[in-house]
Amino acid sequence: RVPSQQFSALTEVLFRFLTEPKEVERFLTQLSDFATMNKISLGPLKNIVKSILLVPNGALKRNLSSEQVRADFIALGLSEEKASYFAEQWKVNSPTLTRLAVGQTLMINQLIDMEWRFGVTAGSSELEKVGSIFLQLKLVIKKGSQMENVYIELTLPQFYSFLHEMERVKTSLESFS
Amino acid sequence: LRQAPSKEAVRQLCQECFSSPPAHLGPLAQRACPGIAASPEEAAQLVSALHRLTRHVVYRGLTSPEDILDLFPEDFHQNLKNLLTKIILENISAWRNEAQASQISLPRLVDMDWRVDIKTSSDTINRMAVPTCLLQLKIQEDAALCTNSPVVSALTVELSKETLDTMLEGLGRIRDQLSAVANK
């Protein structure tokens, strides 16, 4: 029902939205522009787009190859040419889409940022002259939808031991990638 | 103090006087009273004086016997003076550490544990194999704020590989800065 050239323009709009899911406003604007330009009413277009979007999301979920995506579209009633085009676009975009989906996976108390400073305690109410080094870390953690700041102080030996442990973690993570 | 039953008792008393905060000196004096001093007032004076003396030595960082002996008044009993000086010198580095450990500070890291998990599926992807790190930090609140037993809380944080790499970069920079300071 939609001529090839316009179909590829629509596909482009769809994939741009999929790779940048936060740009909802832009997506909706582009859809309504498309509808006006091609003299299609927005309502039916939105429905079509909804069904089309189900395919890449399902494909992502089931790790489908582009061949399988093409077959799915043909089963939906799309012409071979359009199905192949869409499958091609899928192949190109799937690494980005996979990475996005993985990034959205549930994380518990995700560490967002770390700041630090270190200094020397010069004196205190109990000791006139001290001269001990301390390291202060500020960890920014995402708890649910809110950010929380956690402040911790470490002695030097603790810092070196922490660094050593984190290097071990890195080795472990790398061996599983 | 000359009435004290033994040198050990004097040593014990000095340690207690140093370690207890001013507010707790009263009860300490009451406990010390029967063995060491003649009356409650004397006990209170004694305990307070020992507290101030020991704290002063630690504060100024005095390390030589002469410095400590100089603190006593001229007519102070010679043997007792020597004994007290000896006791103070024995305890000085332990007391210094104690003072440093109870300094005000931000919450302190007391322990850490980690594990690596592999995420195998989620509501958006049926199959994947993404390693992730869970780090548990045990943090103790400022000891000075909690009179009896400081609160230790456990915070579990999740790090992706990218976050860990960034963190290691930061930790590496801290290490470099520390070596630069050490080498000056």
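B:Lys161 and B:Asp165 form a salt bridge through their side chains, at 3.3 Å from N to O; the term denotes a side-chain nitrogen of Lys or Arg within 4 Å of a carboxyl oxygen of Asp or Glu. Both residues belong to helix H6 of chain B (residues 161–183), four residues apart, about one turn of the helix. Helices here are DSSP runs of H or I with at least four residues, and strands are runs of E with at least two, numbered from the N terminus.

This is a predicted model, in which local features need pLDDT of at least 70 and side-chain atom pairs count only at pLDDT 80 or more, while totals for chains, interfaces and linings use all residues. Residues are numbered from 1 along each chain as its sequence is written, chains are lettered from A and ligands numbered from 1 in the order in which they are written, and side-chain values use heavy atoms, without hydrogens and water.

B:Lys161 also meets A:Glu174 in a salt bridge, at 4.0 Å from N to O. Shared partners join A:Lys170, A:Glu174, B:Lys161 and B:Asp165 into one network of salt bridges.

I turn now to the interface.

Finally, within chain A, the side chains of A:Lys143 and A:Glu148 meet in a salt bridge at 3.5 Å, N to O.
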